[in-house]
Amino acid sequence: MQQLRAQPCAAGLGGGRMDSEGADASGMPTKAILIAAILLIIAAPIAILFWMTAVPGRSHQGPLPRLTTEQRALSGRLTTDVALIARKPHNAAHLREMDHVAQYVEMELRQAGYAPHRQPIQGVPGAFNIEAMLEPANGDAPSW
């Protein structure tokens, strides 16, 4: 059985000695490990990005179907809602406008059958969230 002698190799890490098959003194193939590690470091984030942004199915092609009468009515209501809510800033710096918008949202929620109530935001005087719950028609219905 023939023994191979380790010889200096400029391509090895840190100038270590490698045999004729690319293994270092411990027998580990350093070039292969280094290349695999580099590929993993580069390929793993790319693969994860593609996985996270993948969308199932196929994109719609061609003209969209015509809106139904109900969809046109909903579109009009949504346009009105957005115009009323977005016309002025409504935040902690504009509490008066925030209250006007909140009253409008609460009124719309009540008309839709919800029971809205305000939840104060801790640390921001006068600011709140609106929570709306649709109560069951049967008072004996279980609630979770």
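Contact here means heavy atoms within 4.5 Å. With that in hand: among contacts in the chain between residues at least 6 apart in sequence, 17% join residues at least 24 apart.

Some ground rules. This is a predicted model, where local features need pLDDT of at least 70, side-chain atom pairs count only at pLDDT 80 or more, and totals for chains, interfaces and linings use all residues. Residues are numbered from 1 along each chain as its sequence is written, and side-chain values use heavy atoms, with hydrogens and water left out.

The overall layout. The chain has three helices and four strands. These are DSSP runs, numbered from the N terminus: H or I of at least four residues for helices, E of at least two for strands. Along the sequence the pattern reads β-β-α-α-α-β-β. Of the 144 residues in the chain, 10% are buried. Buried means under 20% relative accessible area, exposed over 50%, and partly exposed in between, with a 1.4 Å probe and protein chains only.

Now helix α3, residues 95-111. Just after α3, Gly-113 takes a positive phi of about 100 degrees.

Which residues of α3 are buried? They are Glu-97, Met-98, Val-101, Ala-102, Tyr-104 and Glu-106. Their cover includes α2 (69-86), β3 (115-120) and β4 (128-133).

Take Glu-97. Glu-97 has a relative accessible area of 11%, so it counts as buried. Leaving aside residues up to four places away in sequence, Glu-97 touches Arg-87, Lys-88, Pro-89 and His-90.

Next, the helix pair. The axes of α2 and α3 come within 9 Å and cross at roughly 155 degrees. Axes are lines fitted to C-alpha atoms, for helices over the stretch in contact, and angles run from 0 to 180 degrees between N-to-C directions. So α2 and α3 are roughly antiparallel. The cut-offs: under 35 degrees is roughly parallel, over 145 roughly antiparallel, 65 to 115 roughly perpendicular, and the rest oblique.

Who meets whom? From α2, Thr-80, Asp-81, Leu-84 and Ile-85 meet Val-101, Tyr-104, Val-105 and Glu-108 of α3.

Last stop, Glu-108, also in helix α3. With 28% relative accessibility, Glu-108 is partly exposed. Glu-108 and Asp-81 sit 27 residues apart along the chain, and their C-alpha atoms are separated by 9.1 Å.
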